Amino acid sequence: MSEISGFEPVIGLEVHAQLLTNSKIFCGCKVSYGQQPNSLTCPVCLGLPGALPVLNKRAVEFAMRMILATGGTVKNRSVFARKNYFYPDLPKGYQISQYDKPIGQGGKIKFKLENGQEKSCGLTRIHLEEDAGKSLHPEHGEPYTRVDLNRCGTPLIEIVSEPDIRSAEEAYGYLSKLKQILQYLEVCSGDMEKGHLRCDANVSVRPVGQKKFGTRTELKNMNSFKGVEKAINYEIKRQTKLIKSGGTVTQSTLLWDEKKQVAEEMRSKEESKDYRYFPEPDLVNLIVNDAWKEDVSKNLPELPDEKSTRLISDYHIRQYDALVLTDSRALADYYEKVMVDFGDGQAAANWIQTEFLGLLKESKVEIQESKVTPEMISALLAKVKSGELSGKMAKEVFGEMFASGKQAEDIIKDKGLVQLSDESALGTIIDNIISVNPDNLAKYRDGKTNLLGFFVGQVMKETKGQANPQVVNKLLKEKLEG
Amino acid sequence: MPLTKQQVEHIARLARLNITEKEVEKFSKELALIVDYFEQIAAVDTTDIEPRDQFITAENVFREDRVKESLPQKKALENAPDSDGEYFHVPKVIG
């Protein structure tokens, strides 16, 4: 990072999150992706003359959930406004948004960096607005642009952060946490690759120690978390180099080009005053009273940080494990279901992280789609705990369980997998092995105690790996030492 | 006072309108009349009057989050000057 030494980046993020409502924000058209182009439109979202918008109540509640979950204030009165600009994917010629009276104000996002350092970023505002349609630009020299208006009117919340972020890595941490909260609240899928979550970044740099912000540029068109991180790093370096060589940064909007890994200036972008915002006359004021706020607030789910703290105290697991298990609400719920019938929290946490998550990742299966139910895992773990199965056997059973969805009990029967723990049966086997290996026995007694491994191997071979290793070790030592 | 040529051209550009030199002159006078009219309104004394965003006294008009049938694709595209049966076609924006 020597290229930027002496300079400090100042970053603020604007995130658009598509809300998981059934219908659009101002009309009853279905919110759905990958449908026939222009098959989910009506006079309202097509902007036909005379059509009037009516606000979707659930969209308001989803916005409230996010505001309350991040410690912000839901305003008693908020107002919709028209943001005017001319673009073919915006058939009305304006986007219905909120301007000087947004529904949400303040709040913050706490997040952790890779090295465990805790950070916090303030939120300026959260407001409701509608999404635009999609333009497909010519790729083979066609003289026209194609427009699909299915997405037009999809509810969005825009989450605007304070300029509290100081590095691309912090931006990544902030976004990951934001996405996790949105998913926990079940208000947005959080999928950035599919455009359900979009992020623009305002970036400036200033000499270390300077209070005043430098001139900022706005970065757009990043379509992954990594893309955001890369675009910000690119822009920090560009601005710093420019200033160090005596130049000045001009306020502009840059588009990130993922293929070329560069940000290029976007021509002729409207300035804020060109949007000619004014109150939307077709929508009445949105009033949220205390009772409504109270109702949404009390129905908020447990959030990742609270859940993680609780898992540590309820199941006595390590902090790192709690962090992994609470990564998604689905995984945390799964773990807790395993724990309903199983007492060893750490053993279950280990099993889920190494065995279950491993297989899920390998086979690209989502946890909700897996054939293995939490009850099946607790039954399997109970067998390991009781000594009926060795760890190695359990892995074998689990692999089969994951593939077929069969119960551990059935797999064990089918495969004839029974762990031999019976001391007298194992004792007989061990006696036989010792008697046919007198040389090794003598060497062992002469001090070559690492021959224990040889004897264990022989017992395992004889029992096809089904002998209980602890019992075998114990008996062998006793007998070898005579 | 008539609007400047730059002001008229800027407004035309925001609406993606191509206007001739002659029209610039014409609109600079016409728009000036509109601005003058707003200045008359602005002259009214509004001390002690709360600004309002909305003149309808109703509040909180909602719809429940229920899906209603959309227009058939054919119908949605029907009035478009140009389409291919799936997409609207508009003069190319970039590229």
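**View 1. Strands β5(A) and β6(A) pair in the antiparallel sense.** Five bridges link β5(A) with strand β6 (residues 94-98) of chain A; strands here are DSSP E runs of at least two residues and helices are H or I runs of at least four, numbered from the N terminus, and two strands pair if DSSP finds at least two bridges between them. This is a predicted model, where local features need pLDDT of at least 70 and side-chain atom pairs count only at pLDDT 80 or more, while totals for chains, interfaces and linings use all residues. Residues are numbered from 1 along each chain as its sequence is written, chains are lettered from A and ligands numbered from 1 in the order in which they are written, and side-chain values use heavy atoms, leaving out hydrogens and water. Look for A:Phe80 facing A:Gln98 in β6(A).

**View 2. β5(A) also meets β17(A).** Two bridges hold β5(A) to strand β17 (residues 278-279) of chain A, again antiparallel, with A:Arg82 opposite A:Phe278. Strand β5 (residues 80-84) has five of its five residues buried, that is, under 20% relative accessible area, with exposed meaning over 50% and partly exposed in between (1.4 Å probe, protein chains only). A:Phe80, A:Arg82 and A:Asn84 point one way, A:Ala81 and A:Lys83 the other.

**View 3. Chains A and B share an open sheet of three strands.** The order is β10(A)-β11(A)-β2(B), with antiparallel pairing. β10 (134-136) of chain A and β2 (88-91) of chain B are the edges, each with a single partner strand, so one side of each has no neighbour in the sheet. Four bridges join strand β11 (residues 144-148) of chain A to β2(B), and A:Arg146 stands opposite B:His89.

**View 4. The charged end of A:Arg146 sits over the ring of B:Tyr87.** The distance to the ring centre is 4.8 Å; the criterion is NZ of Lys or CZ of Arg within 6 Å of the centre and within 35 degrees of the ring normal. A:Lys57 does likewise over A:Trp292, 5.5 Å from its centre.
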